[in-house]
Amino acid sequence: MTGKKQGLWLGTLWMLISNAIVKGLGFFYRVVLVRLLGAEGMGLIEMVTPLYSFLLVLGGLGIQPALSQKIAQNENKNLEYLYTGRCIMLGSGLLLTILGYLLCDIIVGIFAPDPRIYACFRAILPAVSIISIASAYRGWFQGMRQISVIGGSQTIEQAIRVISGIYLAACMLGLPLSQAVSAASLATICGELSGFLLLLFMFWQQTRHIEFRPNRFSPAIAKELLRYGLPITAGRLVNSGILLAQAFLIPWALQHAGWDMRGATEIYGRFSGVALALLHLPGVFTAALSVSVLPAVAETLQASSNYLLQKRIYQSLSATVIFTLPGMAILYLFADELTTWIFDNPLAAPILRILAIGGIFWYLQVTLLSILQGMGAARQVLYSNIFSGILMLLGIILLVPLPRLGILGAALAADFAWCFAMAYNAWRIKSLASIQIPWKKICFKPCLALAAALIVWTGFQPMLQHAVEQPQIAAAASAGTLIGIYSLCILVSGCLKLK
């Protein structure tokens with residue numbers, strides 16, 4: 001009836017390939033937009049993103065992870081779950097798109113620190129309906145462990161988005177900045193529509209031979225999906241609300257510190273559009289892993305195997321640490337080069353360094369959240385988002401207005417919030433599953449490998465700088481040397497034997 005199931009590591013591999021392409025294209029896209037529209041234009045786009053994300057989460061109702069978790073446990077009823085979830089998503093997506101158009105003036109007036117985002121926000125609203133219905137199909141493929149289909153749709157979506165976005169931004173350069181940034185919104189619609197069409201084609205191809213197709217909306221299944229999905233939605237709404245508040249509070253706090261609106265918008269663009277974009281770049285693997293972890297954990301619960309659950313948790317956390325640590329080291333050590341040569345924005349380097357210090361906590365808490373969702377602990381995800389979000393906002397309010405910190409205070413607040421979220425999520429998994437997470441075993445060898453790599457790299461660094469005249473090539477060779485030594489240490493220490 002469907003394609004062959006993909007296990008945890010095969011699914012992760014497919015998503016890793018997809019995410020590498022998606023992240024690479026997305027990063028290239030951001031670089032081009034920053035150079036075409038400037039940090040101020042990127043700041044406007046980043047102010048629209050939390051509003052848009054809030055509507056997506058509100059319309060999503062947690063149906064995608066609910067479908068994934070329920071289908072993984074009840075594969076024989078997968079089409080019944082899909083049809084009901086699809087009906088819910090179609091209704092919620094259309095409703096929110098219509099309400100977004102009707103209340104656009106009010107939403108922008110209340111929640112936007114800069115009214116120039118009006119055209120950009122209005123242009124992106126049709127994508128809410130497209131993503132809502134597409135998420136039902138993504139949940140179905142994820143629950144059926146067909147991770148490669150999700151990865152393929154994301155790759156097509158991003159490719160179309162980047163191509164159309166660059167073309168439209170170049171065409172709209174002559175317009176006022178408030179209208180030119182709408183190119184990013186129109187490109188998002190083009191990309192999401194193409195990804196959705198691929199999902200529809202793959203679904204038709206895998207189910208076209210089925211004679212019986214359940215075509216009725218099931219109130220019982222809808223109740224089951226919403227019971228699981230609504231707490232997740234609440235958690236994501238909190239998270240989106242935090243991002244929305246962050247997009248409002250940081251410029252507000254900067255203005256209270258003495259910056260005008262344009263200056264505050266530009267600084268926020270450095271934080272969100274440059275530093276955070278670079279921080280998320282090494283997350284290719286963990287983003288891929290989180291998609292595969294949820295159904296894999298759900299299946300272990302169905303099999304009532306505590307040993308297998310503990311193994312899945314250990315494997316996912318070990319992999320997260322192994323693949324994240326070198327990325328954070330590179331971001332910290334080469335912050336000046338990355339922000340200058342890629343974004344032509346060297347003032348973002350100090351922000352990136354502070355974020356890189358706490359980056360490992362960000363990636364660990366993302367993996368832990370996926371494990372909690374796979375365990376069906378949606379309420380714990382909600383509490384995690386609430387507590388860490390409040391901590392983040394309090395940090396922004398207290399630290400950003402300080403003259404000696406400014407935007408660096410927002411980076412410190414993010415680090416504290418991520419650290420708390422990681423600790424809380426780990427504690428909840430331990431208490432819910434009665435599993436002791438072996439943190440020493442997970443972290444010791446990768447940290448030792450990184451320390452050894454840094455010691456050796458420190459000795460090679462002066463020789464590389466002396467041997468290579470071009471600074472870009474010297475920096476690339478230096479970073480490659482560090483990664484190579486770290487990888488060798490990981491292989492020798494046996495860290496990749498995740499058993």
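Aspartate 344 touches Arg35 and Thr339, leaving aside residues up to four places away in sequence; contact here means heavy atoms within 4.5 Å. This is a predicted model, in which local features need pLDDT of at least 70 and side-chain atom pairs count only at pLDDT 80 or more, while totals for chains, interfaces and linings use all residues. Residues are numbered from 1 along each chain as its sequence is written, and side-chain values use heavy atoms, with hydrogens and water left out. Aspartate 344 sits in the loop between helix 14 (335–341) and helix 15 (349–374). With a relative accessible area of 53%, aspartate 344 is exposed; the cut-offs are under 20% for buried, over 50% for exposed and partly exposed in between, using a 1.4 Å probe and protein chains only.

Leucine 33 touches Gly38, Met42, Ile45 and Ala169, not counting residues up to four places away in sequence. Leucine 33 is buried, its relative accessible area being 3%. From leucine 33 to alanine 170, 137 residues apart along the chain, the C-alpha separation is 9.3 Å.

For the protein as a whole, the model has 19 helices and zero strands. Both kinds of element are DSSP runs numbered from the N terminus, with helices (H or I) of at least four residues and strands (E) of at least two. Of the 499 residues, 56% count as buried. Among contacts with a separation of 6 or more, 85% come from residues 24 or more positions apart.

Next come two partners of helix 10. Two packed helices are described by the angle between their axes and the distance between the axes. Axes are lines fitted to C-alpha atoms, for helices over the stretch in contact, and angles run from 0 to 180 degrees between N-to-C directions. The axes of helix 10 (residues 219–256) and helix 11 (residues 261–279) come within 9 Å and cross at roughly 130 degrees. Helix 10 and helix 11 are therefore oblique to each other; angles under 35 degrees count as roughly parallel, over 145 as roughly antiparallel, 65 to 115 as roughly perpendicular and the rest as oblique. On the helix 10 side, Gln246, Ala247, Ile250, Pro251, Leu254 and Gln255 meet Met261, Ala264, Ile267, Tyr268 and Phe271 of helix 11. The residues of this contact comprise nine nonpolar, two polar and no charged, where Ala, Val, Leu, Ile, Met, Phe, Trp, Tyr, Cys and Pro count as nonpolar, Asp, Glu, Lys and Arg as charged, and the others, Gly among them, as polar. With helix 16 (residues 378–399), the axis of helix 10 comes within 8 Å and crosses at roughly 10 degrees. Helix 10 and helix 16 are therefore roughly parallel to each other. Their contact has 17 nonpolar, five polar and two charged residues.

Finally, leucine 482 lies in helix 19 and is buried, with a relative accessible area of 2%. Beyond its neighbours within four places in sequence, leucine 482 is in contact with Ala329, Ile330, Leu333, Ala453, Leu454 and Trp457. Other buried residues of helix 19 include Ala475, Ser478, Ile485 and Tyr486. Just after helix 19, glycine 494 takes a positive phi of about 80 degrees.
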